[in-house]
Amino acid sequence: MTFSKLIPTDRKMPELPEVESLRRYLIREGILGRTFEQIELETKPSPESGTGAISGINQVQGKSIKTLERRGKQLAAVLDQGVLGLHMGMTGQVNVLEPTEPTPRFTRALFNMSNGFRMALVDPRRWAQLRYFDSPDQAFAGLGPDALDPDFSATNFASVLKIRTAQIKPLLLNQSIIAGVGNIYADEALHRIEISPARRANKISNQKLESLLIAIRESLERALEFIKNHPDDRGRPYIVDAYDDRMQLHRKPGSFCPRCEIPLVTLKFGGRTAYYCSNCQK
Ligand SMILES: [Zn+2]
């Protein structure tokens, strides 16, 4: 897979749908119940924390994976003791390998697990994180409820936002309010409910705020479905970008509103570009 330099970074980062597809893929491949037998790490030194961190990995040795959970873009392999946290960063991917398959290029960690199960963290940019935590709470620290969490109701979501005076778009990207809404999905959802990304949250009706959560979920589910139907030739969920038919808004200059067919406009919020329709989104 090659990445074009012409594609802005907000289109090629693994977002919630890619990470959830990865979680489902690893479970489908049989990761649950496996024990970590031997772990080979890259020889290059990795930071202990922050971007690209690999830390505490010797603590997972000999432990088994009970469940694989996700909140936002953070994955947590819950072990019989402790948690292995995985974050894919910009270009990370975990591949389950065939028995004789050579270690892929850009592998940062190779996990040899019970009964010959092998998986590799492949990460060309070295921004993915692998960290040991004592508990899932620690692995998910700072993250609000997951966007797809059925226990997080539309009423809850509306009441959290209704008291905020900030503009809606940056609030949606605030992972401590709701985890897993990336730039592109926030734009999709706001377009669906016809609200401008610049509207202040407290100026949006409760009913619209509630439909916003539903719209976020519809956009994420549509992407999950798209990824499911477009695996790579090995049946793995591919992690590329959202510049394809999973989106209703085409994120490039000269694109049109799919509803009223006038050109979309852009607006920057803290370095993230919002695409929206100035006619139907108020
Ligand atoms: Zn429009």
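Here is a quick briefing on a helix pair and a set of paired strands in this structure.

It's a predicted model, where local features need pLDDT of at least 70, side-chain atom pairs count only at pLDDT 80 or more, and totals for chains, interfaces and linings use all residues. Residues are numbered from 1 along each chain as its sequence is written.

- Ala-189 sits in helix H5, residues 183-193 (helices are DSSP runs of H or I with at least four residues, strands are E runs of at least two, and both are numbered from the N terminus).
- Ala-189 is buried, as 24 other C-beta atoms lie within 10 Å (buried means 20 or more such atoms within 10 Å, exposed 12 or fewer, partly exposed in between, with C-beta atoms placed from the backbone).
- Away from its neighbours within four places in sequence, Ala-189 is in contact with Leu-212, Ala-215, Ile-216 and Ser-219 (contact means C-beta atoms, placed from the backbone, within 7 Å).
- The C-alpha atoms of Ala-189 and Ala-215 are 4.9 Å apart, despite 26 residues along the chain.
- Buried residues of H6 include Leu-212, Ala-215, Ile-216 and Ser-219, and their cover includes helix H1 (16-28), helix H3 (154-162) and H5.

- Strand S7 (residues 107-113) pairs antiparallel with strand S1 (residues 36-41) over five bridges (pairing takes at least two DSSP bridges between the strands).
- Leu-41 stands opposite Ala-109 in S7.
- S7 also pairs antiparallel with strand S8 (residues 118-122), over five bridges, and Asn-112 stands opposite Arg-118 in S8.
- Four residues lie between the strands in the S7 and S8 hairpin, where Asn-115 takes a positive phi near 60°.

Conventions
Contact = placed C-beta atoms within 7 Å.
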